[in-house]
Amino acid sequence: MNDVIAEYRRGVLYFDAGDPIEAAKILSSVLDEEPGNAEVRLWLARAYFASAQLNRAETHLRTLVDRDPSDHYACHLLGRTLERQNRPREALPFLRLAAAMSAVPDYSVAVQRVAGTI
């Protein structure tokens, strides 16, 4: 268990250091060991998003949102992932949901940006 925690921390450190590809490799292994861990899954999705592995990010974010629709950050990041894939109609409901759940300025900016493209 301590090895898994150490690897998780190492993956987060790589992400924070600006190396999302290496972070994703590490966090993917951690998720294999802890498949139900939502925190690890979110960090992995973030690493995939940051490294433009958008299909992989979408898969993990959909899993998170399905498990917990009240996770405003996962909803927002799923919306942003869909937006980056040029799927604004699919992105907008998730972005709106995130903005409705939390008054984070970036959320409302994303809603306005995507709504303006449809």
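Predicted model: local features only at pLDDT ≥ 70, side-chain atom pairs only at ≥ 80, totals over all residues.
When residues up to four places away in sequence are not counted, leucine 61 touches Leu42, Ala45, Ala74, Leu77, Leu78 and Thr81.

Apart from neighbours within four places in sequence, phenylalanine 49 is in contact with Leu54, Ala57, Leu77, Arg80, Thr81 and Arg84. In the case of arginine 84, the charged end of the side chain sits over the ring of phenylalanine 49, 4.5 Å from the centre of that ring. Phenylalanine 49 and aspartate 3, in turn, are 46 residues apart in sequence, and their C-alpha atoms are 26 Å apart in space.

A pair of aromatic rings is described by the distance of the centres and the angle of the planes. The count of aromatic pairs in the model comes to one. In this pair, the ring centres of phenylalanine 15 and tryptophan 43 are 5.3 Å apart and the ring planes are at 80 degrees, so the arrangement is edge-to-face. Because phenylalanine 15 belongs to helix 1 (residues 2-16) and tryptophan 43 to helix 3 (residues 38-50), the pair ties together parts that are 28 residues apart in sequence. Both phenylalanine 15 and tryptophan 43 are buried.

Helix 6 contains 14 residues and extends 20 Å from its first C-alpha to its last, which is close to the 20 Å expected at 1.5 Å a residue. Within helix 6, the residues Ala91, Leu92, Phe94, Leu95 and Ala98 are buried, and the elements that cover the buried residues of this helix include helix 4, helix 5 and helix 7.

Alanine 52, in the loop between helix 3 and helix 4, has a phi near 60 degrees, a positive value in a residue other than glycine. The relative accessibility of alanine 52 is 48%, so this residue counts as partly exposed. Asparagine 86, in the loop between helix 5 and helix 6, likewise is not a glycine and has a positive phi of about 60 degrees. At 65% relative accessibility, asparagine 86 counts as exposed.

The count of salt bridges in the model comes to eight. One of them joins arginine 10 to glutamate 7, with the closest N and O atoms 3.0 Å apart. These two residues both lie in helix 1 and are three residues apart, about one turn of the helix. Arginine 10, at 32% relative accessibility, counts as partly exposed, and glutamate 7, with a relative accessible area of 31%, is partly exposed as well. Another salt bridge is formed between glutamate 22 and lysine 25, whose closest N and O atoms are 3.9 Å apart. Because glutamate 22 and lysine 25 are three residues apart in helix 2, about one helical turn separates them. Glutamate 22 counts as partly exposed at 24% relative accessibility, whereas lysine 25 counts as exposed at 52%.

A further salt bridge is found between glutamate 90 and arginine 62, the closest N and O atoms being 3.8 Å apart. This pair links distant parts of the chain, with glutamate 90 in helix 6 and arginine 62 in helix 4, 28 residues apart. Glutamate 90 counts as partly exposed at 36% relative accessibility, and arginine 62 is partly exposed with a relative accessible area of 28%. Both residues belong to a network of salt bridges that links Glu58, Arg62, Arg87 and Glu90.

Key:
Residues numbered from 1 in each chain as written. Heavy atoms only, no water. Phe/Tyr/Trp six-rings, centres within 6.5 Å; stacked < 30°, edge-to-face > 60°. Helix = DSSP H or I, 4+ residues; strand = E, 2+ residues; numbered from the N terminus. Buried < 20%, exposed > 50% of the residue type's maximum accessible area, 1.4 Å probe, protein only. Lys NZ or Arg CZ within 6 Å of the ring centre and 35° of its normal. Contact = heavy atoms within 4.5 Å. Expected span 1.5 Å × (residues − 1). Salt bridge = Lys/Arg side-chain N within 4 Å of Asp/Glu carboxyl O.
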